Amino acid sequence: MDKYLYWLANVGGLGTAGRERLLEAFGTGAAVYGAQEKHLAMVLEKNKLESLLEMRKSWDVDREYAQLQEKQISFICTADEEYPEKLRNIPDHPFGIYCKGRMPQPQKLSVAVVGARECSDYGRFIATELGRELGEAGIQVISGMARGIDGISQLAALDAGGESYAVLGNGVDICYPRDNRPIYDRMLVQGGILSTYPPGTAPKPQLFPPRNRIVSGLADVLVVVEARQKSGTLITVDMALEQGREVYAVPGRITDRLSDGCNKLVKDGALVFLSPRDFMEGLRQSFSEKLAYCTPKQAKTAEGPTLPPITPEEAVVLETLDMYPQPLERIRDQLQVKLTERGFRTFSNNLLTILMHLCLKGVAKQNSPGWFSLDI
């Protein structure tokens with residue numbers, strides 16, 4: 001990390017192209033900082049030159065650099081060997097990345113998981129299963145740490161002992177959203193927090209779309225779990241396709257608005273995500289070399305509480321449930337068919353009682369009064 005490159009990154013109005021042009025002309029950040037105005041004028045336009053000269057007067061290089069180190073924040077720019085090669089080749093690549101924790105390892109496979117903030121139980125289930133599968137396989141999970149699909153998948157990967165990296169739309173020293181503080185803290189140990197914005201930058205709506213190019217840029221594969229027809233998630237998809245990344249979409253019911261975006265992606269040619277196991281098989285076929293650097297986590301063998309026995313009557317009711325909440329009446333209608341098939345005439349308990357027993361046993365849940373689903 002170079003204090004003069006950190007200074008150069010904070011000179012307003014230059015852009016990545018302007019900063020790289022200066023480094024090409026003068027060689028190092030220190031040389032740019034010490035260059036005479038007449039020499040800088042040969043490289044920069046007047047307004048950009050004025051911005052640089054003003055920053056040179058007002059910016060205390062040593063103090064600002066020391067404050068960055070005190071916060072344990074690294075700054076990696078395009079002049080550094082540590083700068084991710086994946087990002088060098090994307091359109092509008094950032095001049096630098098701020099990092100707390102560590103950067104993703106380039107030799108290892110990285111998968112970005114994105115989706116709706118207000119996700120359904122179905123989306124929550126898929127994100128959890130996928131995150132856990134990736135974490136156990138030692139595959140790096142990249143996302144934006146947003147509410148919903150992003151944070152759920154990242155937490156599942158961390159719980160499985162894996163690595164995850166968050167690309168924020170604010171400074172890396174600010175946890176946003178605040179609810180995801182436990183995920184933020186754990187990623188400082190099991191991964192890293194990344195941003196193209198300087199420390200102290202507050203989250204603002206306009207800052208989030210540009211960060212999506214970093215999420216997809218750092219990944220080898222992008223998985224969209226849930227997305228509405230017009231969704232910010234689809235911005236990430238467009239960027240991933242522009243960057244040449246593989247894109248998978250989790251299909252959903254055509255009546256579910258949260259699946260409209262994913263279903264359209266499938267229609268337009270995205271790869272179909274059928275299950276975590278099927279997805280992993282696709283990764284083995286396409287990324288065998290990178291997978292070789294991923295260290296699978298050992299399955300937990302610690303003994304825990306065993307699942308309470310499920311009675312035959314409860315098993316039949318359980319078969320009528322899925323990830324989508326259903327009203328009691330619909331469950332009863334579906335159950336009547338299964339009862340006939342299984343030879344049951346009547347239940348010793350009524351349906352609501354059995355459903356409540358299943359909830360107590362941790363295999364079903366009551367989403368709202370009279371509505372039930374699986375609890376996976």
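# A chat about a predicted chain

Me: Which strands make up the open sheet, and in what order?
Reply: In this predicted model, 3 strands form an open sheet in the order 10-12-11, with antiparallel pairing. Its edge strands, each pairing on one side only, are strand 10 (326–327) and strand 11 (364–368). Strands here are DSSP runs of E with at least two residues, helices are runs of H or I with at least four, and both are numbered from the N terminus; two strands pair if DSSP finds at least two bridges between them.

Me: How should I read the numbering and the values?
Reply: Residues are numbered from 1 along each chain as its sequence is written, and side-chain values use heavy atoms, with hydrogens and water left out. Because this is a predicted model, local features need pLDDT of at least 70 and side-chain atom pairs count only at pLDDT 80 or more, while totals for chains, interfaces and linings use all residues.

Me: Back to the sheet, how many bridges join strand 11 to strand 12?
Reply: There are 4 bridges between strand 11 and strand 12, which run antiparallel, and one of the pairings sets A364 against its bridge partner L374 in strand 12. The two strands form a hairpin with 2 residues between them, and G370 in the turn has a positive phi of about 85°.

Me: And how many bridges between strand 10 and strand 12?
Reply: Strand 10 pairs with strand 12 (residues 371–374) over 2 bridges in the antiparallel sense, and P327 stands opposite W371 in strand 12.

Me: What holds strands of a sheet together in pairs?
Reply: Strands of a sheet pair through backbone hydrogen bonds, and they do so either parallel or antiparallel.

Me: Switching to D121, is it buried or exposed?
Reply: D121 is buried, at a relative accessible area of 18%, where buried means under 20%, exposed means over 50% and partly exposed lies in between (1.4 Å probe, protein chains only). D121 belongs to helix 8 (residues 121–136).

Me: Which residues does D121 touch?
Reply: Leaving aside residues up to four places away in sequence, D121 touches M323, P325, K365, N367 and S373, a contact being heavy atoms within 4.5 Å.

Me: Which residues of helix 6 are buried?
Reply: In helix 6 (residues 61–70) the buried residues are V61, E64, Y65 and L68. They lie on the same side of helix 6 because they cover an arc of only 95° around the axis, the arc being that of the directions from the helix axis to the C-beta atoms.

Me: What covers them?
Reply: The cover over the buried residues of helix 6 includes helix 1 (3–9), helix 3 (29–34), strand 1 (74–77) and strand 2 (96–101). After helix 6 comes Q72, whose phi is positive, near 55°.

Me: What about helix 16, which residues are buried there?
Reply: The buried residues of helix 16 (residues 312–319) are E313, E314, V316 and V317. Their arc around the axis is only 160°, which puts them on the same side of helix 16.

Me: Where does L335 lie?
Reply: L335 is in helix 17 (residues 328–342) and is buried, with a relative accessible area of 4%. Its C-alpha atom is separated by 56 Å from that of N89, 246 residues apart along the chain.

Me: Finally, how many helices and strands are in the protein chain?
Reply: The protein chain has 18 helices and 12 strands, and buried residues make up 51% of its 376 residues. Its C-alpha atoms fill a box of roughly 95 × 45 × 40 Å, taken along the principal axes.
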